[in-house]
Amino acid sequence: MTLLDGKKVSNDIKDEIAAEVQQMKARGEKVPHLAAVIVGNDGASLTYVGSKVRACKRVGFESTLKQLPETTTEEELLELVNTLNQDPDIDGYIVQLPLPRHIDEEKVLMAVHPDKDVDGFHPTNFGKMALELETFISATPFGIIELLQRYGVETSGKHAVVIGRSHIVGRPISILLSQKGPAGNATVTLTHSRTQNLPEICRQADIIVSALGVPGFLKADMVKEGAVIIDVGITRVPDETRERGYYISGDVDFEAVSQKASFITPVPGGVGPMTIAMLLKNTLLARQRNRDNG
Ligand code: NAD
């Protein structure tokens, strides 16, 4: 069994990006600038945004954190989005999800200018991704593809089963795995909460991508010998014996499934760090595009 070490690979990618930034600086160019918007005080969201800002520092990007109170109105948030769209100094930005319930998430994501949408959530970017055109690919599916590629995991002609059909992970990774090209050409089955006989379908899979958010959902008896297992799930499970009061669990029963898998991602340290690295990669791409378009 080979561990798909997202922590290590993401550090390699960050080193590559940092080297690129050094070259930009040496040429006297502006360095990439990522902004992150967060509304409210959700613990997990604050942790994610903090990691993204730290990652920017690590590679030499500029970063701006816009932290807004829980009481922010939709109108106020849309105003900030509009300001960021207009600001020539910001190459790309993200609006951390989830947003408070009184704000229409879809309306906000639609308002982000596609050229600055480094999360790849805007329909223009999602559509380009589906049509195999160059674009910002959502960081998590992009990270999975990159991880498979860097470990030389064969996907062509394989049967990949994706669990979960979210717009940010399940659906886009199912499209990417089926596309022509690197880490593609798989035969993909996209499963979800209404799927019947999921264990049986999983047992036929050469590759399983689990993105549902249920700790320990994927058991060893759902996995065939030699399968490649990608665990996207990140769930905080309450645990009073730990100082912070919880531990992080993936969707996969790692202990048992790793005995059968040929490749497997750990949680933490698998897909999570890759997501941040690919967000940086998208921001670098945004800067390069801005530079090249004058
Ligand atoms: P989501 O929470 O929006 O949706 C869950 C999906 O799982 C739905 O499509 C649903 O149909 C499916 N599902 C639920 N129960 C099921 C069942 N019993 N059988 C089959 N399918 C079922 O999905 P999401 O936003 O993609 O998040 C999924 C998990 O991935 C969460 O734990 C989230 O925290 C994590 N996540 C991790 C990263 C990362 O960087 N590693 C990024 C995004 C999300």
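**Close-up views of a predicted model**

**View 1. Val209 and the residues it touches.** Leaving aside residues up to four places away in sequence, Val209 touches Ile144, Val161, Val162, Ile163, Ile173, Leu177, Ile230 and Val232. Please keep in mind that this is a predicted model.

**View 2. The largest nonpolar core.** Here we step back to the largest nonpolar core, which has 55 residues. Which residues have the most contacts inside it? They are Leu177, Val209 and Ile230. Helix H10 (residues 271-292) supplies the largest share of this core, with 10 residues. Domain 1 (28-113) and domain 2 (139-272) each give the core at least three residues.

**View 3. Helix H6 from end to end.** Helix H6 covers residues 139-150, 12 residues in total. From its first C-alpha to its last, H6 reaches 16 Å, close to the 16 Å expected at 1.5 Å a residue. Just after H6 comes Gly152, which takes a positive phi of about 65 degrees.

View 4. Is H6 mostly covered or mostly uncovered? H6 is mostly covered, with 10 of its 12 residues buried. The buried ones are Ala139, Thr140, Pro141, Phe142, Gly143, Ile144, Ile145, Glu146, Leu147 and Leu148. The helices that the buried residues of H6 pack against are H1 (6-26), H7 (170-178) and H10. These buried residues also pack against strands S7 (207-210) and S8 (228-231).

How values were computed
Residues numbered from 1 in each chain as written. Predicted model: local features only at pLDDT ≥ 70, side-chain atom pairs only at ≥ 80, totals over all residues. Heavy atoms only, no water. Core = buried A, V, L, I, M, F, W, Y, C linked by side-chain atoms within 4.5 Å. Buried < 20%, exposed > 50% of the residue type's maximum accessible area, 1.4 Å probe, protein only. Helix = DSSP H or I, 4+ residues; strand = E, 2+ residues; numbered from the N terminus. Domains from an automatic or database assignment. Contact = heavy atoms within 4.5 Å. Expected span 1.5 Å × (residues − 1).
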